[in-house]
Amino acid sequence: YLKLILGSSYLAQDKFGQALGNFKEALNVLRDKKVDHKIFENSLNYYIGVCYKYLGSYDEAISQYAWFNANGQNIAGEVNYQKGDIYMLKQEYDSAIAFFNIAYSFYLEKYGPFNINNTLNSLFKISQCNVKTGNLELAKSQARKTLFYMAGDTVITPDKLLPDTIPADNA
């Protein structure tokens, strides 16, 4: 567990290389001892993927997430969100949208539409990807849905808050 704590400390300091080394070492120890601890293993795989992402090693990050085994854990939505984010960074917007949609559906089913940190972030990223691919009407639709969820029980008129077109340069 010490390597997990050290890795987390380095991650919090944006020292991704050092964090990666500690997380990988902890995962190797776990596997060498043949300990069946899925939650711990999943956490390490997730954090290794995060480190690869921030180091710019996108394919390694996606490959690392392939090791992830959800087993009904709440982190499954975050893994799909991270995959979407990586594909967005790679400018593979259709793949990004697919993973953001999986994350959005997971969060919506698990927590409902008012989980600001997860549900809305997924919707917002879907909207950004649609702007990048030139699907402005779909992007506006997603932005409206985001505003609707942000408003909660308040009645809003998103048409008054959004321009008629969303220029790709300002996305």
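Modeller: Buried means under 20% relative accessible area, exposed over 50%, and partly exposed in between (1.4 Å probe, protein chains only). This is a predicted model: local features need pLDDT of at least 70, side-chain atom pairs count only at pLDDT 80 or more, and totals for chains, interfaces and linings use all residues. Residues are numbered from 1 along each chain as its sequence is written, and side-chain values use heavy atoms, without hydrogens or water.

Biologist: How many helices and how many strands are there in the protein?

Modeller: Helices (H or I, at least four residues) and strands (E, at least two) are DSSP runs, numbered from the N terminus. Along the sequence the pattern reads α-α-α-α-α-α-α-α-α. The count is nine helices and zero strands.

Biologist: What percentage of the 171 residues in the protein is buried?

Modeller: The 171 residues are the basis of this value. Buried residues make up 42%.

Biologist: Are H1 and H2 roughly parallel or roughly antiparallel?

Modeller: Axes are lines fitted to C-alpha atoms, for helices over the stretch in contact, and angles run from 0 to 180 degrees between N-to-C directions. Under 35 degrees counts as roughly parallel, over 145 as roughly antiparallel, 65 to 115 as roughly perpendicular, and the rest as oblique. The axes of H1 (residues 2-12) and H2 (residues 16-32) come within 8 Å and cross at roughly 160°. That makes the pair roughly antiparallel.

Biologist: How many nonpolar, polar and charged residues does the contact of H1 with H2 have?

Modeller: H1 brings Lys3, Leu4, Leu6, Gly7, Ser8, Tyr10 and Leu11, and H2 brings Phe16, Gln18, Ala19, Asn22, Phe23, Glu25 and Ala26. Ala, Val, Leu, Ile, Met, Phe, Trp, Tyr, Cys and Pro count as nonpolar, Asp, Glu, Lys and Arg as charged, and the others, Gly among them, as polar. The tally is eight nonpolar, four polar and two charged.

Biologist: Is the crossing of H4 and H5 left-handed or right-handed?

Modeller: The axes of H4 (residues 58-65) and H5 (residues 76-89) come within 10 Å and cross at roughly 160°. The two helices are therefore roughly antiparallel. A crossing is left-handed if the near helix is turned anticlockwise from the far one by less than a right angle, and right-handed if clockwise. This crossing is left-handed.

Biologist: Which residues of H5 meet H4?

Modeller: On the H4 side the residues are Tyr58, Ala61, Ile62 and Tyr65. By class, the whole contact has eight nonpolar, one polar and one charged residues. From H5 come Val79, Gln82, Lys83, Ile86, Tyr87 and Leu89.

Biologist: What is the relative accessible area of asparagine 45?

Modeller: Asparagine 45 is found in H3 (residues 38-54). It touches Leu27, Arg31, Gln64, Tyr65 and Trp67, leaving out residues up to four places away in sequence. Asparagine 45 is buried, at 0%.

Biologist: Is glutamine 64 buried or exposed?

Modeller: Glutamine 64 sits in H4. Beyond four places in sequence, it contacts Leu27, Asn45, Ile48, Gly49 and Tyr52. Its relative accessible area is 12%, so glutamine 64 is buried.

Biologist: What is the phi of aspartate 14?

Modeller: Most residues other than glycine have a negative phi. Aspartate 14 is in the loop between H1 and H2 and is exposed at 54%. Its phi is positive, about 60°.

How values were computed
Contact means heavy atoms within 4.5 Å.
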